[in-house]
Amino acid sequence: MIEFKNVSKTFTAKEGTVHAVKDVNLTIPDGKIYGIVGYSGAGKSTIIRMLNGLEFPTTGSVTINGSEISSLKGKELREQRLKIGMVFQHFNLLWSRTVLENIEFPLEIAKVAKEERRQKAQKLVALVGLEGRENAYPSELSGGQKQRVGIARALANDPEILLSDEATSALDPQTTDEVLDLLIDINKKLNLTVVVITHEMHVIRKICDHVAVLDAGKIVEQGPVLDVFKNPQQAITKRFVNQETSSASLDDTTVVVSELLEKYPNGLIVRLTFHGDQAKLPIVSEMLRQFPDVDLSIIEGNIHQTQEGALGSLYIQLLSEHHDSLQGALEYFNTMRVETEVIKREQ
Amino acid sequence: MNSNGFASYFQFSNVNWANMGQATWETVWMTVVSIIVVTILGILLGLVLFETNGSSSILIKILNWIVAAFVNIFRSIPFIILIVLLLPTTQLIMGTIIGPQAALPSLIISAAPFYARLVEIAFHEIDHGVIEAAEAMGATKWQIILKVLLPESMPALVSGITVTAISLIGYTAMAGAIGAGGLGNLAYLDGFQASNNAVTLMATVIIVLIVFVFQYLGDFAVKRIDKR
Ligand SMILES: Nc1ncnc2c1ncn2[C@@H]1O[C@H](COP(=O)(O)OP(=O)(O)OP(=O)(O)O)[C@@H](O)[C@H]1O
Ligand SMILES: [Mg+2]
């Protein structure tokens, strides 16, 4: 378990002091993928770098399984670092070494015997899907392949924790998803704790169990990913969630919704939120069967896969002569544990 | 003998080939021995400059200042003056001020600081993220030097050696003029003072060839090791 207790960090630069991290409290459970999301300069890198002693807190403490990283020095710190792997945005591979030699590098640092190093590196090459490229140099690899080497290298000394500092930010969407799948795979196979920092909600949604939202050095919101997506509290979190769930269509939806509200003042515009298995049930058609006088038109809908299952949202319009049927329909949704939100006309 | 006519360049019968061979050997010997020492010293000094750069500890700052001062001073003294300046030191270390051995101290002391700067620059050009990655893996300072700094800067280190070696060849000729032997000495004594232009021309041609060989070897090595 990783714990940040009242951690603050200030940098003294020529231009004055920068409060990069402000009073952060975090608990990261073992074996989970924990995401920290925030805009550029929010202090994400500073936080993750405190976990392997590349940065030390100004006040507060950072502990891993009870031992305080922030108080380790010299040999002790180096030994602790062997148990923490890190993946970087710009890969940071040694250009002078082949794929296999790059993966062996941390094993050399740990003074593992040559024969064992080779075998271990070969296994990792297979784990990250780079068979056949063992003897290629980094300059001969694509970004995605380089990051696979970076991940294999980070895993070489069987770490308990894997840190990922914007590991997919330099990759295209397709490659990003491949690398994210690899991270999930590794988390499941090796059962290690993964701390992911990113500015993309997509990454959080796709692989994380928990998320913390960082704004100007402060954690403003944290919780299970599904909860945060379903029910974002802070404005910044809403912005992050919207960035992922509704991409470009949000504005269009608002226009259509207000037009419909004007045209059919008696109808209801409802936003349904499905999660988990409900997303796969025919709940809407069942409702129509129960309330045959209700007319339904679909305005917009989407569905996303998260670590805890599917998360869908659907904007629909419900029309009926009978007000009771509309109420009944809403209640039906609620009993099916579909969240409903009636959209009102903006004043 | 006529030292004025253009034709005098081509009076090869005046060239003593045994002396020419001996002088060539001396030049190559001076260059190779000093480049070996310069490489070692330069890398050490460059490492000290790189590692002590930007530290907050007073002692380390002083060390950085001393090494930087040494490097800067000896890099700025013109070579011909440095030889003269070092005559007593040379006498003390080598026991003589004549012959190829006597040229070594001045050659080394003038070229090592030059190479040290090239080494420092080469280290600074390494992507800082790579050094940090090694640190994050738990590497010691020595492991970082041996496994990251040196291999990752190897092309720049080698091309730096090439540049340094070529200027060393020039220096050996200068040293030769005041008694250190080699092709410079031969060109000066047999060529200039004995007005034998063919000897001067031959010495020039051989020096140019030596430079080309060094350049070629350097370029070839860089091409082989650079996998970027
Ligand atoms: N070594 C340093 N010296 C001075 N200021 C620093 C240093 N490192 C970080 N900072 C400052 O601390 C703040 C947080 O930086 P940090 O790198 O943690 O942000 P980040 O969230 O990782 O941003 P990005 O997404 O751009 O990587 C920034 O204002 C930055 O300028
Ligand atoms: Mg960062």
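**The shell around ligand 1**

Modeller: Let us begin with the residues of the shell around ligand 1, which divide into 5 nonpolar, 5 polar and 2 charged. Here Ala, Val, Leu, Ile, Met, Phe, Trp, Tyr, Cys and Pro count as nonpolar, Asp, Glu, Lys and Arg as charged, and the others, Gly among them, as polar. Please keep in mind that this is a predicted model, where local features need pLDDT of at least 70, side-chain atom pairs count only at pLDDT 80 or more, and totals for chains, interfaces and linings use all residues. Residues are numbered from 1 along each chain as its sequence is written, chains are lettered from A and ligands numbered from 1 in the order in which they are written, and side-chain values use heavy atoms, with hydrogens and water left out.

Colleague: Which residues surround ligand 1?
Modeller: Among them are A:Phe11, A:Val18, A:Tyr39, A:Lys44 and A:Glu166. A residue is near a molecule if one of its heavy atoms lies within 4 Å of it.

Colleague: What gives the most to the shell around ligand 1?
Modeller: That is H1(A), with 3 residues. Strand E2 (16-28) and helix H1 (44-49) of chain A each supply at least two residues of this shell. Helices (H or I, at least four residues) and strands (E, at least two) are DSSP runs, numbered from the N terminus.

Colleague: How do you know that A:Ser40 makes a polar contact with ligand 1?
Modeller: An N or O atom in the side chain of A:Ser40 is 2.5 Å from an oxygen atom of ligand 1. A polar contact is a pair of N or O atoms within 3.5 Å, so this pair counts.

Colleague: Why is A:Asp158 called exposed?
Modeller: Its relative accessible area is 55%, and exposed means over 50% (1.4 Å probe, protein chains only), so A:Asp158 qualifies. A:Asp158 sits in the loop between helix H5 (143-155) and strand E7 (161-165) of chain A, and its phi is near 50°, a positive value in a residue other than glycine.

Colleague: What makes A:Arg337 exposed?
Modeller: A:Arg337 has a relative accessible area of 60%, so it too is exposed. Its phi is near 60°, and its place is in the loop between helix H12 (323-335) and strand E14 (339-343) of chain A.

Terms used:
Polar contact = N/O pair within 3.5 Å; in protein donor to acceptor, adjacent residues only side chain to side chain. Buried < 20%, exposed > 50% of the residue type's maximum accessible area, 1.4 Å probe, protein only.
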